[in-house]
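Please work through the exercises below with the sequence and the model at hand. Each task is followed by a solution in steps.

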Number of protein chains: 6
Amino acid sequence: MADNWLREPNWSWNDSLEPSGYVHDWVQRINEVESVPECILYGAPLSKSSISVSGASLYPEVFRRLWKQFAAYNFEEEIDLTSYSVADAGDILMHTTDVAESHRRIEIAAYALNQTFPKSTLCMIGGDHSTTACAIRGLKRSQPNQTIGILQLDTHLDVRDPAEYGPANGTPIRQLIEGGVVRGEHIVNIGLHGYYNTKQLVEYAKRHQIKTYSMKETRKIGVSRLIEQELKRLSSETDLVYVTVDMDVLDISFAPGVPAATPGGMRTEELFEGLLSIGKSPAVKHIDFVCLDPSRDSRIEETCRIGVHAWLQFMTGRIMNKG
Amino acid sequence: MADNWLREPNWSWNDSLEPSGYVHDWVQRINEVESVPECILYGAPLSKSSISVSGASLYPEVFRRLWKQFAAYNFEEEIDLTSYSVADAGDILMHTTDVAESHRRIEIAAYALNQTFPKSTLCMIGGDHSTTACAIRGLKRSQPNQTIGILQLDTHLDVRDPAEYGPANGTPIRQLIEGGVVRGEHIVNIGLHGYYNTKQLVEYAKRHQIKTYSMKETRKIGVSRLIEQELKRLSSETDLVYVTVDMDVLDISFAPGVPAATPGGMRTEELFEGLLSIGKSPAVKHIDFVCLDPSRDSRIEETCRIGVHAWLQFMTGRIMNKG
Amino acid sequence: MADNWLREPNWSWNDSLEPSGYVHDWVQRINEVESVPECILYGAPLSKSSISVSGASLYPEVFRRLWKQFAAYNFEEEIDLTSYSVADAGDILMHTTDVAESHRRIEIAAYALNQTFPKSTLCMIGGDHSTTACAIRGLKRSQPNQTIGILQLDTHLDVRDPAEYGPANGTPIRQLIEGGVVRGEHIVNIGLHGYYNTKQLVEYAKRHQIKTYSMKETRKIGVSRLIEQELKRLSSETDLVYVTVDMDVLDISFAPGVPAATPGGMRTEELFEGLLSIGKSPAVKHIDFVCLDPSRDSRIEETCRIGVHAWLQFMTGRIMNKG
Amino acid sequence: MADNWLREPNWSWNDSLEPSGYVHDWVQRINEVESVPECILYGAPLSKSSISVSGASLYPEVFRRLWKQFAAYNFEEEIDLTSYSVADAGDILMHTTDVAESHRRIEIAAYALNQTFPKSTLCMIGGDHSTTACAIRGLKRSQPNQTIGILQLDTHLDVRDPAEYGPANGTPIRQLIEGGVVRGEHIVNIGLHGYYNTKQLVEYAKRHQIKTYSMKETRKIGVSRLIEQELKRLSSETDLVYVTVDMDVLDISFAPGVPAATPGGMRTEELFEGLLSIGKSPAVKHIDFVCLDPSRDSRIEETCRIGVHAWLQFMTGRIMNKG
Amino acid sequence: MADNWLREPNWSWNDSLEPSGYVHDWVQRINEVESVPECILYGAPLSKSSISVSGASLYPEVFRRLWKQFAAYNFEEEIDLTSYSVADAGDILMHTTDVAESHRRIEIAAYALNQTFPKSTLCMIGGDHSTTACAIRGLKRSQPNQTIGILQLDTHLDVRDPAEYGPANGTPIRQLIEGGVVRGEHIVNIGLHGYYNTKQLVEYAKRHQIKTYSMKETRKIGVSRLIEQELKRLSSETDLVYVTVDMDVLDISFAPGVPAATPGGMRTEELFEGLLSIGKSPAVKHIDFVCLDPSRDSRIEETCRIGVHAWLQFMTGRIMNKG
Amino acid sequence: MADNWLREPNWSWNDSLEPSGYVHDWVQRINEVESVPECILYGAPLSKSSISVSGASLYPEVFRRLWKQFAAYNFEEEIDLTSYSVADAGDILMHTTDVAESHRRIEIAAYALNQTFPKSTLCMIGGDHSTTACAIRGLKRSQPNQTIGILQLDTHLDVRDPAEYGPANGTPIRQLIEGGVVRGEHIVNIGLHGYYNTKQLVEYAKRHQIKTYSMKETRKIGVSRLIEQELKRLSSETDLVYVTVDMDVLDISFAPGVPAATPGGMRTEELFEGLLSIGKSPAVKHIDFVCLDPSRDSRIEETCRIGVHAWLQFMTGRIMNKG
Ligand SMILES: [Ca+2]
Ligand SMILES: [Ca+2]
Ligand SMILES: [Ca+2]
Ligand SMILES: [Ca+2]
Ligand SMILES: [Ca+2]
Ligand SMILES: [Ca+2]
Ligand SMILES: [Ca+2]
Ligand SMILES: [Ca+2]
Ligand SMILES: [Ca+2]
Ligand SMILES: [Ca+2]
Ligand SMILES: [Ca+2]
Ligand SMILES: [Ca+2]
């Protein structure tokens with residue numbers, strides 16, 4: 001493959017002489033790994049596809065810059081993360097003005113990574129939610145005979161009409177359904193709440209048999225339990241599961257740094273528990289974290305820190321699954 | 001020229017041609033409604049009556065500006081808000097320096113609305129808490145033979161002495177008791193907590209048999225259950241219930257945008273559940289939301305967004321009551 | 001009851017009954033004007049074409065919202081702005097994800113306005129600097145036989161290679177030169193300074209005979225005097241002059257609200273004087289104000305206020321030219 | 001044990017044992033002075049009389065809190081401030097809701113201070129601009145046979161109609177003219193600029209022969225020179241001069257912390273030079289600093305710091321006048 | 001003149017004439033108490049010993065400034081705080097550049113207070129966590145034959161190596177163990193969570209038998225119940241208990257104002273309940289609150305307010321223990 | 001020399017494949033340079049020696065991170081910076097709690113760099129002003145027979161007594177005088193103004209014949225002209241000149257990001273002109289930029305950007321001197 005569009009991240013990896021016990025020393029650059037990594041990380045710094053103004057394209061750089069402040073050890077689960085191999089494949093080079101071209105590159109990168117490392121878990125750091133449709137198309141192109149299921153944590157259904165908005169961040173789920181990539185009944189959305197989806201969109205979701213759980217229902221069952229139950233179901237009905245975490249699923253009081261923060265959302269504690277369960281599931285092949293906008297975050301970067309913590313919960317789950 | 005792509009700006013002549021599914025298209029101007037609206041909204045942009053510096057007078061304008069970001073559909077309860085008719089009667093014109101005159105105008109407005117639309121639920125958007133005393137006096141003047149009960153959600157008792165402060169935002173409950181408008185035993189205050197009421201004020205409340213529930217007690221019973229129980233009791237002892245929501249009842253970590261935010265308060269989730277119960281109660285005749293100060297809110301306007309969401313929960317409850 | 005004190009909210013039906021003396025009452029909607037307006041205003045809310053994250057698309061709405069705080073009277077020049085007729089043609093509807101389509105619409109809008117109102121001065125409120133190339137192409141298409149000169153106030157040359165960036169905000173001048181729309185020697189750039197243009201770009205500008213003045217040279221001559229001299233020269237060499245004001249020409253300590261604020265730039269006082277001179281020039285046919293990003297502005301919206309003031313200086317100049 | 005290192009907190013019993021060289025040690029409490037102080041300082045913490053939301057009532061407290069960060073020595077003029085005696089008379093107690101009563105108290109306080117200390121220069125720290133009318137009325141009541149001249153530094157004329165606004169911060173000059181306290185021709189306003197006074201108000205000022213200088217004219221003459229010239233003229237036509245400094249005369253890029261900051265205003269450097277000249281003038285009997293709103297200031301309190309510096313410039317001028 | 005309405009400013013001579021019911025009137029200066037106070041408060045404004053930049057030295061002053069906004073009455077427990085005597089001993093004078101000397105002074109101060117007031121509960125307001133080691137050494141020096149137990153609420157173990165960092169805020173627990181002041185098995189740490197302690201440090205803690213509870217375990221048991229259980233155990237194994245509350249134990253969404261805020265931490269509600277239990281325990285001899293950094297706090301000072309509330313919960317507990 | 005304490009900076013140098021024309025591609029790492037660099041840059045990230053809370057230790061990292069946004073070309077002087085060789089020697093490793101040890105390391109690093117590269121201009125990025133005394137001591141130790149002159153741009157004299165404060169940021173000049181390293185008459189301080197030095201300190205400066213120029217005097221002469229005149233004088237009286245730029249010399253409205261910003265200071269334009277003159281002077285051997293505190297900077301990092309721009313002005317001057 002001539003060019004998979006991945007470029008090295010704007011990150012120092014500044015080469016400690018001895019292992020520090022922190023995340024930046026644990027994650028390796030993809031061109032330095034010696035064996036196939038268990039997980040591959042890549043960034044998709046695109047947010048021009050957002051309906052409102054979004055700086056989510058800034059997140060992959062901040063995400064890596066914060067690694068130095070996180071230990072590679074989960075205290076609660078007593079898990080040493082360094083027992084799991086993670087490689088950073090860098091960021092996909094985006095075009096400045098051609099959104100369609102940028103989307104094409106994300107699709108190619110996801111395709112290429114899955115082709116080259118078919119056994120590795122993939123983890124994409126967005127960017128806005130439009131990138132999810134690209135990654136899933138890339139995965140599908142790489143594994144055309146496999147049925148894909150989606151677990152989405154989101155405040156929104158993301159089924160607006162691409163005919164009206166183009167491939168924007170409000171449309172990925174509908175793109176995938178109408179493109180024949182994923183079937184509606186293989187999509188589960190957890191975290192919907194309040195007044196943030198119009199009746200018309202809810203009706204679309206029902207018509208296409210997307211399975212939805214409101215925060216209220218979710219809390220009655222328990223976030224982790226519900227996720228486990230739905231991942232189990234999805235894995236029995238599909239060949240592989242893609243998980244997409246729209247960080248705006250979190251309540252506005254916990255996560256201000258998203259373009260459309262809302263009251264009534266998920267608490268970080270609930271998201272963290274849920275990500276342990278997701279990490280533990282062998283069916284999960286690819287995960288992404290999207291719509292985290294550092295330019296709207298508070299002065300102490302709380303949402304970005306929550307973002308790193310969330311990703312580490314998934315990593316912890318992966319190891320618990322192994323062990 | 002078929003289409004020069006020019007569209008009218010988002011400034012003054014922005015009437016949508018077709019319903020968008022959002023709140024600003026659902027609420028109608030009062031001079032355009034064709035039948036008696038089920039609910040009438042009006043603003044009381046006064047906060048010069050506040051003991052500390054307050055910009056709560058700015059809230060009615062921000063409240064309406066944010067409507068565009070809320071769908072007229074409650075996902076959790078599967079309620080289409082457009083089945084309920086709401087009219088916006090606009091803001092009461094306040095005097096620049098004469099607080100007593102401004103108070104008089106609020107009283108007249110509440111009186112006039114109740115006289116003209118006796119069957120409609122009224123909803124006042126403050127302004128500070130002094131406006132509540134005015135609205136209740138207006139209601140009482142319109143219905144002199146009816147006994148009024150008050151359900152107050154607040155961090156404070158609001159029984160400071162008007163002889164010392166004048167008709168300030170710390171005094172409305174005492175104004176009403178001493179003015180003979182409402183009796184102490186017909187007042188319930190839920191949400192009191194911590195170190196925000198002096199012993200002297202607590203003793204006044206006890207002396208006048210105001211019923212109070214601390215956050216700790218409230219949580220033991222459950223916010224919604226307690227509200228239902230107290231609304232039931234009030235409705236058996238009075239003719240109509242006025243609900244006043246001081247947004248400072250919320251915890252400082254959820255709602256920074258009030259003049260006196262405190263730790264130890266109510267969570268948004270609890271308030272939202274409580275407002276469903278309030279909306280469902282047929283006894284509730286008038287509600288207000290006060291003391292939300294946009295000038296102290298965070299950069300992403302989280303408290304103002306919570307304010308709109310809170311009001312929509314009441315609306316949802318109203319519809320659930322109907323159906 | 002004669003007066004219930006209720007007034008319509010500041011939301012949608014706020015037409016003043018009598019002229020207030022403020023800008024929002026002076027500017028008319030284009031569909032309400034009775035004769036051809038002397039100046040037509042239109043918004044181009046596009047900033048997805050920016051190289052870095054930009055919220056400049058938010059400016060047209062904020063620009064209009066601030067009008068209420070500006071009197072239609074210039075104290076220093078004793079000019080009553082209401083003697084000049086200005087119509088607001090609204091905003092151009094942008095596509096959510098197709099930047100090329102959005103650019104095409106701006107071009108069409110500029111073309112259509114010039115065709116319909118050939119004698120009116122046009123004023124475009126950006127949006128980022130890519131919109132300038134579109135407006136000039138529209139103007140050229142409408143007046144194909146006229147030679148266009150450009151006066152640019154900018155920290156940057158904007159001659160990056162469209163082959164690399166696409167039609168981004170760093171490329172408009174080069175687009176116009178390479179598209180044969182404007183010749184390099186008919187372009188003057190005032191305000192360049194410091195370390196914000198690479199050597200390669202400076203060499204491109206020299207090669208194409210773009211006339212440049214650094215802030216240091218500019219100050220030696222005087223901003224107004226230099227502008228007058230260059231407008232005179234341009235008007236002798238071309239048929240009409242287009243002025244483009246990139247608000248990032250201002251110093252970072254005066255105007256934080258732009259995507260790339262720099263030290264060493266122009267002071268507001270200098271810009272305001274320069275805009276009087278620009279307004280006075282009969283050669284100026286079209287002006288734009290671009291790259292003002294409200295999402296980066298300070299809490300008191302100082303850059304946005306400077307933006308409105310700057311536009312009013314141009315208006316004042318227009319009237320001084322008339323009289 | 002000789003020393004347990006505990007020191008009294010910076011809270012209540014912080015009287016230094018030895019002079020520190022800073023402002024808080026130089027200014028004395030009025031109940032502790034032993035002879036008649038050359039200057040008396042008092043606070044008027046009222047801003048409920050403001051047309052827009054204002055926290056200017058918070059300024060007197062912040063003003064004093066910052067004293068610890070200012071040395072009682074002017075480096076440029078080599079002036080030791082401690083050679084001049086200043087007493088702090090504290091703040092006037094404001095009523096919570098009765099603006100008229102608060103205004104009455106300011107008038108009484110100004111009257112009482114002038115009666116008790118007829119030779120001392122008075123200095124009032126506002127509060128909003130409505131307080132100026134009260135202080136001047138108090139002064140007039142104390143010296144009924146003296147003609148008062150006013151030097152006003154302001155972006156605004158402050159001649160709105162009290163019949164419409166009541167005694168608000170936009171009306172003090174008109175209150176004084178219409179109340180027969182000061183004649184229009186004895187009022188000079190320096191600092192007017194831009195688009196911040198309607199034509200109607202400008203015409204009122206002209207009709208009443210208020211002398212106005214725009215920033216543009218002022219700069220041509222020089223701020224200090226113009227102030228000296230006008231103080232000289234005023235002192236020849238009146239018995240005593242009252243100077244009122246509305247901090248919003250400063251440009252928005254220098255002084256964000258006022259309710260209505262505008263571009264095009266005075267630079268701090270110009271204000272500081274002007275205040276030296278004002279301080280030097282023996283005609284000046286009373287000065288005030290108003291409309292500084294700490295709640296709108298930047299995080300580093302720049303406007304409040306400018307406020308203290310400005311006041312110290314006046315003090316320096318006073319000493320230069322003595323010497 | 002009966003009353004000129006002037007009141008002393010809120011600056012230095014603000015002793016209320018009559019008790020207000022607020023905290024600043026309840027707490028007494030240590031040089032004014034007439035009998036031995038039940039609790040003595042002192043400040044240790046040192047944060048130069050912090051590994052990252054910290055402004056925790058600013059907290060004691062803000063802590064006292066906020067007292068005016070807290071009533072001396074606990075609504076939930078119906079406790080009148082004024083029934084308990086508290087004296088403020090002021091702040092320990094810190095050296096500007098000699099951290100070791102500053103540490104020595106804290107140790108001396110703690111020693112001296114315990115010597116002089118052996119029966120009083122001591123309460124230190126930090127400062128960073130390095131101050132805890134000093135206070136405990138002072139206490140030990142005063143009571144050399146008593147075994148000290150430590151209850152620590154913290155996100156971190158604080159057992160980094162002093163040989164590498166010096167007596168920094170990451171090392172106090174290790175300093176005490178290696179200095180033989182406290183034994184590892186007499187230390188309990190509650191609140192540890194997430195990815196904020198390296199494996200190496202966790203192993204050190206295990207090796208020294210420090211008892212640790214993660215937030216997850218803590219929540220299963222209940223914060224208060226666990227604290228009660230561990231205080232009981234500690235009091236059976238040691239002679240006196242020192243409680244240290246590192247405010248960074250709180251979740252980043254509740255308490256932004258600490259140098260190292262993290263997601264996944266304790267909620268304020270949990271901390272407040274825990275502090276009631278701590279206050280009730282007769283074994284607790286000394287408590288501190290550390291690492292609260294006002295310079296990182298939000299604009300409305302939420303963490304500082306939480307800090308005062310937290311301290312008042314401990315006070316409430318003390319009184320409940322008495323009664 | 002076994003260890004000069006310099007460590008590689010926390011910066012990516014992320015290796016463009018082709019030169020970009022920006023600063024990060026121009027500056028080389030010291031371990032990669034092939035010949036002796038004309039200028040060597042090093043960071044001294046220490047601010048625990050500050051009298052007030054300071055985050056100036058954070059500046060070296062931010063300084064390097066911003067390089068990507070600056071072109072290596074000065075537009076006004078038409079200077080290509082890449083014609084001058086600059087090496088980055090990284091940051092000096094600071095001790096966490098031992099300020100004296102950190103100071104010792106800075107002295108060693110300055111000594112070592114001068115020993116190893118005796119012909120290179122040195123440039124230290126602070127850190128607070130205490131680091132200047134260390135660097136000068138290191139230089140003196142390396143060149144014991146050379147007389148050192150100091151040109152200081154500062155709001156403060158920095159002659160507080162080390163006996164009272166230790167080697168704090170308020171004392172470096174006095175340390176050097178009393179340590180016999182530099183004589184008072186070889187020190188020039190430009191930029192002093194307002195009320196920010198006590199009389200006692202001014203008298204110390206006079207006694208030791210430090211030459212001082214207030215901003216007022218400086219402006220009368222012109223910043224550049226005065227600097228040229230004083231550098232000429234210093235170079236005739238001493239062997240080499242050390243320039244120290246305390247960024248707090250800038251006015252608070254231009255540079256908020258310093259621990260003690262003041263009104264009345266230098267404008268950025270003046271500083272930039274002055275630094276050109278400093279760069280041009282062959283007598284200047286070493287320069288530093290200190291007291292820039294990113295944690296107090298505005299959201300758009302204006303002071304940090306001014307810091308980079310300022311340093312580039314010095315670089316430009318160096319090249320103009322060469323050519
Ligand atoms: Ca989404
Ligand atoms: Ca979403
Ligand atoms: Ca209330
Ligand atoms: Ca309240
Ligand atoms: Ca540009
Ligand atoms: Ca530009
Ligand atoms: Ca005024
Ligand atoms: Ca004004
Ligand atoms: Ca700790
Ligand atoms: Ca900690
Ligand atoms: Ca200094
Ligand atoms: Ca300094």
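Predicted model: local features only at pLDDT ≥ 70, side-chain atom pairs only at ≥ 80, totals over all residues.

Residues are numbered from 1 along each chain as its sequence is written, chains are lettered from A and ligands numbered from 1 in the order in which they are written, and side-chain values use heavy atoms, with hydrogens and water left out.

**Exercise 1.** Determine whether the radius of gyration of chain A agrees or disagrees with that of a compact globule.

Solution. Step 1: the radius is taken over C-alpha atoms, and the globule rule is 2.2 Å times the number of residues to the power 0.38. Step 2: for 323 residues a compact globule would have a value near 20 Å; chain A has 18 Å, which agrees. Step 3: buried residues (under 20% relative accessible area, with a 1.4 Å probe and protein chains only) make up 67% of the 323 residues in chain A. Step 4: of the contacts (heavy atoms within 4.5 Å) in chain A with a separation of 6 or more, 79% join residues 24 or more positions apart.

**Exercise 2.** Identify the residues that coordinate the calcium ion (ligand 2) and locate Asp154(A) and Asp248(A) in the chain.

Solution. Step 1: donors are N, O and S atoms within 2.8 Å of the metal (3.2 Å for Na, K and Ca); water is not among the atoms, so sites may look incomplete. Step 2: Asp154(A) (OD), His156(A) (ND1), Asp246(A) (OD) and, with two entries, Asp248(A) (OD) coordinate ligand 2 at 2.2 to 2.4 Å. Step 3: Asp154(A) lies in the loop between strand S8 (148-153) and helix H5 (162-165), and Asp248(A) in the loop between strand S11 (240-246) and helix H10 (268-280), 94 residues apart. Helices (H or I, at least four residues) and strands (E, at least two) are DSSP runs, numbered from the N terminus. Step 4: Asp154(A) is buried at a relative accessible area of 0%, and Asp248(A) counts as buried at 5%. Step 5: Asp154(A) also coordinates the calcium ion (ligand 1), 3.1 Å from ligand 2.

Terms used: Buried < 20%, exposed > 50% of the residue type's maximum accessible area, 1.4 Å probe, protein only.
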